[in-house]
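Subject: Structure for you to look at

Hello,

Please find the structure below, with my notes after it. The notes go through strands, cores, aromatic rings and a few backbone details.

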Amino acid sequence: MGNRLTAGWKRALSYFRRNGISAAAWAVAERLLQEAGQKGYDYLPPTQEEQDSQKKEAEEWKDPPLLSVVVPAFETPPVYMEALLDSLQAQTWPHWELVIADAGSTDALRALAEGREDPRIRYRKLPVNLGLSGNTNEALKEVRGRYTGLLDHDDLLTPDALYEMARALREKEKMGISPVFLYSDEDKCDGAGTRFYEPHYKPDFNPDLLLSNNYICHFLMLRTEVFRRLQERPGFDGAQDYDLVLRASAGVFSGVPEAAFVHVPKVLYHWRCHEASTASNPESKRYAYEAGRRALEDFCASQGWQARAEDTAHLGFYRLRYQPDILTVRKDVGAAARPLPSRLGRLRSGIYEKDGGMRFAGLPVGFSGYMHRAVLSQDVEAADIRAMWVQPELEEELGKALEAVRRGEDPEEASRAFCEGVREKGLRICWLPDRKQL
């Protein structure tokens, strides 16, 4: 608990220095409320009965996919590698392999790996340290599975992680979809790997949210052929995974269905927090956020978009400034929406949820929301037409919808109907919380 409090004060002080006392006060207040709301969280592994059932199903699976996991290692504390190996060998999915690419100065990890006497665990000693990206690419050369997952050398997988990935893969393939990648929810754990907190429940694939932040993160598995073609790029070390995910997602802007980017809505990954980790102390790896901004700008350039990436008030979260505007630059975006005017100091985003209600409604205007999503660009199903700008070919339809509202039609119903028509044309509706983005 002491380490978490220290890390929290470090974050607050860093935020104050970057954004001023007023913004820092709002951030601290929101952080305290969020932590209070998460006090009841505790990761519960699948029961023994559930694990036995998963193992039985895996044994009976016809033509089960081999799933690979790569771990780049450099001076890894043996206690962390022991825990990592335990988490792999505890998997209910038996059809896996682990490839460790070790650039450390000792053979301690070799002894640990070979001491397990498990042919699924393969160790490769690297003659030199090639950095995070280079070491990962060396491990990638050795994999044999159809899909390859990324696991940091001090983190942990839940017992059902690979089973859930294999199950999601099978369901998509039954529908005729070959996933480009799959990703799961995650949480954080303390240095001992015994206490779990701050679960990150992620949305289904959302391209514009990804252009604001690497919310995909852990646990990520890519089709091996895609991973090998793209590889990780050393020029973006610190944000190499973000750079990889952006490039792996590029097809969604040219016809690859969003269903090929699969969200598995379960916590399958424990991100270990200690003093040196980004999870515990964001300022410890400021270079990583700068690399993320460069990766984002590089991706935009590869798409032919004139756009500049800027930091938001929150480290690792970005906004894109399109030149001259998003509707001119992005032909995949049919409509851009801003938040409705706030009311009594509370946010009215204008984003209509599928099951009714308005996303972020009632949030104090100084708050940023869960995982800062209330201040990040994102694709939405429906947004209020009264704060919307559209492509020229949609202006007439928008005008008719607005006229219907002026005549008394319910704004939500008119907005939902108009947005459904936009999406039926294969166009996106992008919500832009920052007025300067339009």
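Two strands are said to pair if DSSP finds at least two bridges between them. Strands (E, at least two residues) and helices (H or I, at least four) are DSSP runs, numbered from the N terminus. The model is a predicted one, in which local features need pLDDT of at least 70 and side-chain atom pairs count only at pLDDT 80 or more, while totals for chains, interfaces and linings use all residues. Residues are numbered from 1 along each chain as its sequence is written, and side-chain values use heavy atoms, with hydrogens and water left out.

Strand S9

Strand S6 (residues 181–189) pairs with S9 in the parallel sense, over 8 bridges. Within this pairing, Phe181 has Phe261 of S9 as its bridge partner. Strand S5 (residues 156–157) is joined to S9 by 2 bridges, and these two strands run antiparallel. Here Leu156 stands opposite His270 in S9.

Is S9 enclosed or open? Of the 12 residues in S9 (residues 261–272), 10 are buried, so the strand is largely enclosed by the rest of the structure. Buried means under 20% relative accessible area, exposed means over 50%, and partly exposed is in between (1.4 Å probe, protein chains only).

Nonpolar cores

A nonpolar core is a set of buried Ala, Val, Leu, Ile, Met, Phe, Trp, Tyr and Cys residues joined through side-chain atoms within 4.5 Å. The largest one has 56 residues, and Phe181, Phe205, Leu211 and Ile216 touch the most other members. Apart from it lies another core, of 37 residues, including Leu98, Ile100, Met221 and Leu268. In soluble globular proteins, nonpolar side chains tend to be buried together.

For contacts I took heavy atoms within 4.5 Å. Leaving out residues up to four places away in sequence, Leu211 touches Tyr242, Leu246, Phe253, Leu296, Phe299, Trp305, Leu320, Tyr322 and Arg330.

Arg428

Arg428 lies in strand S17 (residues 428–431). Its relative accessible area is 11%, so Arg428 counts as buried. The Arg428 side chain makes a polar contact with the side chain of Glu258, at 2.6 Å. (A polar contact is a pair of N or O atoms within 3.5 Å; within protein, one must be able to donate a hydrogen and the other to accept it, and residues adjacent in sequence count only if both atoms are side-chain atoms.) Again leaving out residues up to four places away in sequence, the residues that Arg428 touches include Pro207, Asp208, Arg330, Asp332 and Asp379.

Aromatic rings

There are 13 aromatic pairs in the structure. Rings of Phe, Tyr and Trp (its six-membered ring) pair if their centres lie within 6.5 Å; planes under 30 degrees apart count as stacked, over 60 as edge-to-face and the rest as tilted.

One of the pairs is Phe219 with Tyr269, which is stacked, at 6.1 Å centre to centre and 20° between the planes. Phe219 lies in the loop between helix H8 (207–210) and strand S8 (220–223), and Tyr269 lies in strand S9, so the pair ties together parts that are 50 residues apart in sequence. Both Phe219 and Tyr269 are buried.

The rings of Tyr242 and Tyr318 are stacked because their centres are 6.2 Å apart and their planes are at 10°. As Tyr242 lies in helix H10 (residues 240–248) and Tyr318 in strand S11 (residues 318–322), this pair ties together parts that are 76 residues apart in sequence. Tyr242 is buried at 4% relative accessible area, and Tyr318 is buried at 3%.

Phe181, Tyr183, Phe205, Tyr215 and Phe261 form one aromatic cluster.

A charge sits over a ring if NZ of Lys or CZ of Arg is within 6 Å of the ring centre and within 35 degrees of the ring normal. The charged end of Arg170 sits over the ring of Trp61, 3.9 Å from its centre. Arg338 lies over the face of Trp389, at 4.3 Å from the ring centre.

Backbone

Glu117 has a positive phi of about 50° although it is not a glycine. Glu117 is in the loop between helix H5 (108–115) and strand S3 (121–125), and counts as exposed at 74% relative accessibility.

Regards
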